[in-house]
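Keep the sequence and the 3D view side by side as you read.

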Amino acid sequence: MKAIEANGLTRDYNGLRAVDHITFSVESGEVFGFLGPNGAGKTTTIRMLTGQLEPTSGAARVAGYDVVAERARLKPHIGVVFEHQNLYERLTAQDNLRFTAKLYGVSPERIPQVLALVGLKEQARVKVKKYSNGMKQRLLIARALLHNPEILFLDEPTRGLDPNVARDIRAFVTDLARKGVTIFLTTHYMEEADRLSNRVAIIDHGRIVALGTPAALKAAHGTADATTLEDIFVTLTGQGLRGRFEE
Amino acid sequence: MKQKLRIIWAIAAKDIVEALRNKNALAVILSALFVVIAYRLLPILGASSEPATVLAYDYGQSSLVEMLHTSTQSGLYTGYASPEHLKRLLAEGEVPELGLIIPADFNQTLAAGREPILTGYVNTWVGDRDAHDLEQIVENEIIALLGAPVDIQIADQKVALQPNSGGLGVTMGIALVFVTLMTGMLVPTHLILEEKQTKTLDVLMVSPATPMQIVLGKALTGLFYALLGCGVGLAMSFPLINHGGLIALTAVGGALFSVALGLCLGALFETRQEVTLWSWGIILPLFIPMFLSLLEELFPAGLVRAAQWLPSVALLHLFRTSFASDITASDWTAQLILVYASAALTLVLVTWLVRRADR
């Protein structure tokens, strides 16, 4: 079953095309890496798939629901870890989750469970402003998982984290995937995408320029000098950047 | 429906607490409360060291008025055309004052060795104890001046405010409009702004909360603080209130209008600087005409008439009317409709802004 289906998804901002007719699908239980340089259209795509932004044209279904017409029914099935650490900093971790639980109609008994899952049970009553970046990131994941979503959107989940915390987060993602949660992951770290993703899509200038398993992309686009996913990413997207400067 | 209400209440409950932790929202709440308390208490504190004020109308040419002019214990005002004129001006007072009617036969009664009886008037909002104290102070002063006993009898029928009365009615009316508009407008604005700046609004947008439920949650918070501020002001001016139903409708209408303005600001702007600039751009055109409407003789009639169409001016009129006695529906219906219509139109604008942003 398809967890995500995007068909010709397009979004314009003030005459500029941020996402340009992208078509892809994500299987249920798959970890799908969505890669691209800054401003390529990754976050705009996530915003459309999570019902925050209406597409200019095209359509998408997430968890079987149309992201525009069935937005309200879609939301309980998805969890989102945003690019920014957007927590209520003056509240404790527990209170942040209690508020989210009320929005989703989730029993408060689930709060200690998810806090334990991300290793924050002991710090539940500490105000979030006192948390380290790594702790905040784990709390963001706990919040996104509170209502047991089928699909988890992770927007740059390890950005700016120290290597140990980033490794914990990656292990956590692997574990979630093993439990059958579909994961839509955007990241700048190609090694991370290579290790975690079943398939990746590379987006540049709002268009998908490559789509497939990391191994298939390496086979299709690799050369003697370009053997890693990062090399292929640079080959596929760096040309565009250079081209932009040359213009 | 239950789920929708749960979401709206969850947002409102969080925001009601968060408003006290958001330094900008808290500053708005505290400064508005300070203004309303200051408006009520400053005249009282200022008058505490002053002699009791007496407004006297003398039917005859009694010696009392001349004597009272020399008194250090009471400040005397005379020169009224009639007892009704005196009562009308007594209603303009900001602190308890005594209106004194001196009978035409005052001198003769005194000369005959009898005790003259003077009729005293106080405003409806002056409590019995304050009225009694005032009566005692003035009576003792007159006895000391005349060297003969007099009796001041406070009239059962106190002097009621009219919709156009100045004094405490206007002072508290302005304070109530201020506290309602400022808290209702700025508290939700600062809360929305903070959610935008910390990007927690995105969290709400991907949750089962719809944009309208988010707006309603913020609106409830604004209403809570606007009505709380207004409630404090009303509690401080409780003796003034003659029409509880009208004042409740006025407070709710004013709170709805101000909250709708605040939601517009929150929906339209992204930074505190923009909000500060635009909120003053709204506050000044709302407040200046209020003062203009009070000084109608100084401005062209057309300008004063145009000012009457502003919701803030209508609110001030409604608060003053709620303090007055002997009012009819025609004294307040048009203004109440204007306030609620303005609130409804502004809420429609908010809905449109939210739906447009949603796309």
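In chain A, the side chains of E191(A) and R195(A) meet in a salt bridge, with N and O 2.8 Å apart. A salt bridge here is a side-chain nitrogen of Lys or Arg within 4 Å of a carboxyl oxygen of Asp or Glu. These two residues are separated by about one helical turn, because they sit 4 residues apart in helix α7 (residues 190-196) of chain A. E191(A) counts as exposed at 55% relative accessibility, and R195(A) is exposed too, with a relative accessible area of 52%. The cut-offs are simple: buried is under 20% relative accessible area, exposed is over 50%, and partly exposed lies in between (1.4 Å probe, protein chains only). Helices (H or I, at least four residues) and strands (E, at least two) are DSSP runs, numbered from the N terminus.

A word on the model and its numbering. This is a predicted model, in which local features need pLDDT of at least 70 and side-chain atom pairs count only at pLDDT 80 or more, while totals for chains, interfaces and linings use all residues; side-chain values use heavy atoms, with hydrogens and water left out. Residues are numbered from 1 along each chain as its sequence is written, and chains are lettered from A and ligands numbered from 1 in the order in which they are written.

A search of the whole structure finds 25 salt bridges over all chains. Side chains of opposite charge can pair when their charged atoms come close. Here are some of the pairs, with their N to O distances.

| Pair | N to O distance |
|---|---|
| E191(A) and R195(A) | 2.8 Å |
| R98(A) and D95(A) | 3.1 Å |
| D15(B) and K14(B) | 2.7 Å |
| E194(B) and R90(A) | 2.8 Å |

R98(A) and D95(A) both lie in helix α3 of chain A, 3 residues apart, or about one turn of the helix. R98(A) is partly exposed, with a relative accessible area of 36%, and D95(A) counts as partly exposed at 25%.

Elsewhere, salt bridges that share partners join D12(A), R17(A), D20(A) and R207(A) into one network.

**Where the chains meet**

Now for the interface. Contact means heavy atoms within 4.5 Å, and 21 residues of chain A are in contact with 23 residues of chain B. The size of an interface is often given as the accessible area lost when the parts come together. Chain A and chain B bury about 2,300 Å² between them, 58% of it on carbon and sulfur atoms; buried area is the accessible area (1.4 Å probe) that two parts lose on being put together, summed over both. In chain A, Y88(A), R90(A) and L103(A) lose the most area to chain B, together 30% of what that side buries.

The rule finds 3 salt bridges across this interface. In one of the pairs listed above, R90(A) meets E194(B), the closest N and O atoms being 2.8 Å apart. Helix α3 (residues 93-104) of chain A gives the most to the side of chain A that touches chain B, with 4 residues.

**Strands of chain A**

Strand β8 (residues 182-186) of chain A is largely enclosed by the rest of the structure, because 5 of its 5 residues are buried. T182(A), F184(A) and T186(A) point one way from β8(A), while I183(A) and L185(A) point the other way.

Two strands pair if DSSP finds at least two bridges between them. Strand β3 (residues 31-35) of chain A pairs with β8(A) in the parallel sense over 4 bridges, and F32(A) has F184(A) as its bridge partner. Strand β7 (residues 151-155) of chain A also runs parallel to β8(A), joined by 5 bridges; there I151(A) stands opposite T182(A).

Chain A also has an open sheet of 4 strands in the order β2-β1-β4-β5, with antiparallel pairing. Its edge strands are β2 (16-27) and β5 (65-66), each pairing on one side only.

**Chain B as a whole**

Chain B has 14 helices and 5 strands. Its C-alpha trace spans about 90 × 40 × 35 Å along its principal axes, and buried residues make up 52% of its 359 residues.
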